[in-house]
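Hi everyone, thanks for coming.

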Amino acid sequence: MISINVYPLPAYAQNEDLANSVAVVIDVLRATTVIVSAFAGGAKNVIPMLDIEQARQQKEILEKIHGKDSVLLGGERKGVPIAGFDLGNSPQHFVSEKISGKILILTTTNGTVAIHAAKNARCLYVAGLVNAQAVVERLKNEEKIAIFCAGTDGNVTEEDLLLAGCLVSRLSHCSQQNQKPCQWNHHAERAKLLWENQFFIDNKEIVSETKLIELLRQCRGGKNLVSLKLDADIAVAAKIDSINLVPEIRL
Ligand code: MLT
């Protein structure tokens, strides 16, 4: 039996829910899209941190071990880059010219907090729309899956639920094909319906990136980015299944 639980915010999950689970953390706009993009750009490692000062200290420590210029600081507060950091939180900036071979220390308002909330899971992966199918392939033989949505400032966000729904929908399809029974919680059911109502025609998934961008723009995180004139980040985050890798975070 495969069991999938979706938590619309990290606070919905109890510690015992995590025991033996594989956790997947989602912050489509933008932290987890950035982490996937950083690995795709050749980052050696990504270290999510909660606090700006601790991130700076960690950089000093790691540069003593790995050498100067081996570590980059990235992230945001209120959506904008942090003073003195090397990079903000725009996925398209995490390209190989900047990030290849580097260790990235990332601190963001919600995404890196959600990753820390899931740290007691047996295994912790990071998902964006950009690597959705790769995540499904990684998870399809797991038995207990916990999907953590980061939300925004303690509020549930639809962009994270959409991706959660995409994962549940695709995983339930795999379980049918493999004739393995699958059960999911109420939040997973709602997320699955959210996704399938938008992207299913005659029982078949057909995803339009244009529609995905439109939907993301209307979500809480999307509205924030539009108000900051960071629309380009939404378009990058909507490139579904464009990256074939699954970052695993060890804290
Ligand atoms: C976060 O972690 O809070 C987000 O990724 C916010 C953002 O990118 O602006």
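**The sheet, and what sits around it**

Okay, so let's start with the sheet: five strands make an open sheet with parallel pairing, and the order is 7-2-8-1-9. Before I go on, please keep in mind that this is a predicted model.

Which strands stand at the edges? Those are strand 7, residues 123–127, and strand 9, residues 182–184. Each has a single partner strand, so one side of each is left without a neighbour in the sheet. From one strand to the next, the twist averages 20 degrees.

Let's zoom in on one pair. Strand 2, which covers residues 22–26, pairs with strand 7 in the parallel sense, and there are five bridges between them. If you want a spot to look at, find Ile 26, which stands opposite Ala 127 in strand 7.

Now the helices. Helix 2, residues 31–40, lies across strand 2 and strand 7, and it runs at about 95 degrees to strand 7. Then there's helix 8, residues 186–199, which packs on the sheet and touches strand 1 (2–7) and strand 9. The direction of helix 8 makes about 95 degrees with that of strand 9.

Next, a couple of backbone details. Between strand 2 and helix 2 there's a loop, and Arg 30 has its place there. What kind of peptide bond joins Leu 29 and Arg 30? A cis one, with omega at about 10 degrees. The other detail is Asn 20, in the loop between helix 1 (15–18) and strand 2. Asn 20 isn't a glycine, yet its phi is positive, near 65 degrees.

On to the ligand. Leu 29 and Arg 30 come back here, as the residues around the ligand include both of them, along with Asp 27, Ala 31, Glu 76 and Asn 89, among others. By type, the shell divides into six polar residues, three charged and two nonpolar.

At Ala 31, a backbone N or O atom lies 3.0 Å from a ligand oxygen. And a polar backbone atom of Thr 109 is 3.4 Å from an oxygen atom of the ligand.

How much of the ligand's accessible area does the protein cover? On its own the ligand has 260 Å², and the protein covers 92% of that.

Key
Residues are numbered from 1 along each chain as its sequence is written. This is a predicted model: local features need pLDDT of at least 70, side-chain atom pairs count only at pLDDT 80 or more; totals for chains, interfaces and linings use all residues. Side-chain values use heavy atoms; hydrogens and water are left out. A residue is near a molecule or strand if one of its heavy atoms lies within 4 Å of it. A polar contact is a pair of N or O atoms within 3.5 Å; within protein, one must be able to donate a hydrogen and the other to accept it, and residues adjacent in sequence count only if both atoms are side-chain atoms. Accessible areas come from the Shrake-Rupley method with a 1.4 Å probe; for residues, only the protein chains shown count as cover. Ala, Val, Leu, Ile, Met, Phe, Trp, Tyr, Cys and Pro count as nonpolar, Asp, Glu, Lys and Arg as charged, and the others, Gly among them, as polar. Two strands pair if DSSP finds at least two bridges between them. Helices (H or I, at least four residues) and strands (E, at least two) are DSSP runs, numbered from the N terminus. Axes are lines fitted to C-alpha atoms, for helices over the stretch in contact, and angles run from 0 to 180 degrees between N-to-C directions. Contact means heavy atoms within 4.5 Å.
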